[in-house]
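Reader: I am new to reading structures. Please pick one part of this one, look at it closely, and then show me how the rest of the chain sits around it.

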Amino acid sequence: TNIYNDGKKSPQTTDDGLALLYLFSTIDPWSPSNYFGVKRDLGQFERFRIMMYSDPFVSLINHKDCKAVAEAYPSRTHFIQLLRVEPKS
């Protein structure tokens, strides 16, 4: 997976989007993360990927449609959005 802008072309793989999400998630590789609601060691991308392919997060991958139900701004740096996801049949 070539997720860096180094000028090299590589074919897109299934997990390129997850790799980008991992890069922008600001997970600290040196301490357990509460990113998925429970403390887990997500310092390596493979551990993050395994969590994304487990319930209930797998419904977010390759879904049919999603609609924003509600949103909130708990602080100036945080944004929370509640989504209704329609999985592919």
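Author: Start with a term. A residue is exposed when its relative accessible area is over 50%, buried when it is under 20%, and partly exposed in between. Now use it. Lys67 has a relative accessible area of 56%, so Lys67 is exposed. Keep those cut-offs in mind. They come back several times below.

One caution. This is a predicted model.

Next, the overall layout. The protein chain has 2 helices and 2 strands. Read from the N terminus, their order is α-α-β-β. The chain holds 89 residues, and 17% of them are buried. Consider contacts between residues with a separation of 6 or more. Of these, 21% link residues 24 or more positions apart.

Which residues form the largest nonpolar core? There are 9 of them: Leu18, Tyr22, Ile27, Phe36, Leu42, Phe48, Met51, Met52 and Phe57. Two elements each give two or more residues to this core: α1, residues 16–24, and α2, residues 45–52. The element that gives the most is α2, with 3 residues.

How do these helices sit against each other? The axes of α1 and α2 come within 10 Å, and they cross at roughly 115°. Angles of 65 to 115 degrees count as roughly perpendicular, so α1 is roughly perpendicular to α2. The crossing is right-handed.

Now find the residues where the helices meet. On the α1 side they are Leu18, Ala19, Leu21 and Tyr22. On the α2 side they are Phe45, Phe48, Arg49 and Met52. Sort the residues of this contact by type: 7 are nonpolar, none is polar and 1 is charged.

Zoom in on Leu18. Leu18 belongs to the core. Set aside its neighbours within four places in sequence. What remains is contact with Phe45, Phe48, Arg49, Met52, Tyr53 and Ile61. Of these partners, Phe45, Phe48, Arg49 and Met52 are the α2 residues of the helix contact.

Move to the loop between α1 and α2. Leu42 lies in this loop, and Leu42 is another member of the core. Is Leu42 buried or exposed? Its relative accessibility is 1%, under the 20% cut-off, so Leu42 counts as buried. Tyr22, Ile27, Phe36, Phe48 and Met51 are core members. Leu42 and Pro29 stand 13 residues apart in sequence, while their C-alpha atoms are 6.6 Å apart in space.

Gly43 is in the loop between α1 and α2 as well. Its contacts beyond four places in sequence are Tyr22 and Pro29. Gly43 and Trp30 are 13 residues apart along the chain, with 6.6 Å between their C-alpha atoms.

One more residue in this loop deserves a look. Thr26 lies between α1 and α2. Thr26 is not a glycine, yet its phi is positive, at about 50°. Compare its accessibility with the cut-offs. Thr26 has 71%, which is over 50%, so Thr26 counts as exposed.

Now leave the helices and follow the chain on. The next loop runs between α2 and β1, and Pro56 is in it. The peptide bond that joins Asp55 and Pro56 is cis, with omega about 0°.

The strands come next. Lys67, our opening example, is in β1. Leu83 is in β2, which covers residues 78–86. Lys67 touches Leu82, Leu83 and Arg84, not counting residues up to four places away in sequence. The C-alpha atoms of Lys67 and Leu82 are 8.6 Å apart, although 15 residues separate these two along the chain. Now look from the other side. Leu83 touches Lys67, Ala68 and Val69, again without residues up to four places away. Leu83 and Leu60 are 23 residues apart in sequence, and their C-alpha atoms are 9.7 Å apart.

Conventions: Residues are numbered from 1 along each chain as its sequence is written. This is a predicted model: local features need pLDDT of at least 70, side-chain atom pairs count only at pLDDT 80 or more; totals for chains, interfaces and linings use all residues. Side-chain values use heavy atoms; hydrogens and water are left out. A nonpolar core is a set of buried Ala, Val, Leu, Ile, Met, Phe, Trp, Tyr and Cys residues joined through side-chain atoms within 4.5 Å. Buried means under 20% relative accessible area, exposed over 50%, partly exposed in between (1.4 Å probe, protein chains only). Helices (H or I, at least four residues) and strands (E, at least two) are DSSP runs, numbered from the N terminus. Contact means heavy atoms within 4.5 Å. Axes are lines fitted to C-alpha atoms, for helices over the stretch in contact, and angles run from 0 to 180 degrees between N-to-C directions. Angles under 35 degrees count as roughly parallel, over 145 as roughly antiparallel, 65 to 115 as roughly perpendicular and the rest as oblique. A crossing is left-handed if the near helix is turned anticlockwise from the far one by less than a right angle, and right-handed if clockwise. Ala, Val, Leu, Ile, Met, Phe, Trp, Tyr, Cys and Pro count as nonpolar, Asp, Glu, Lys and Arg as charged, and the others, Gly among them, as polar.
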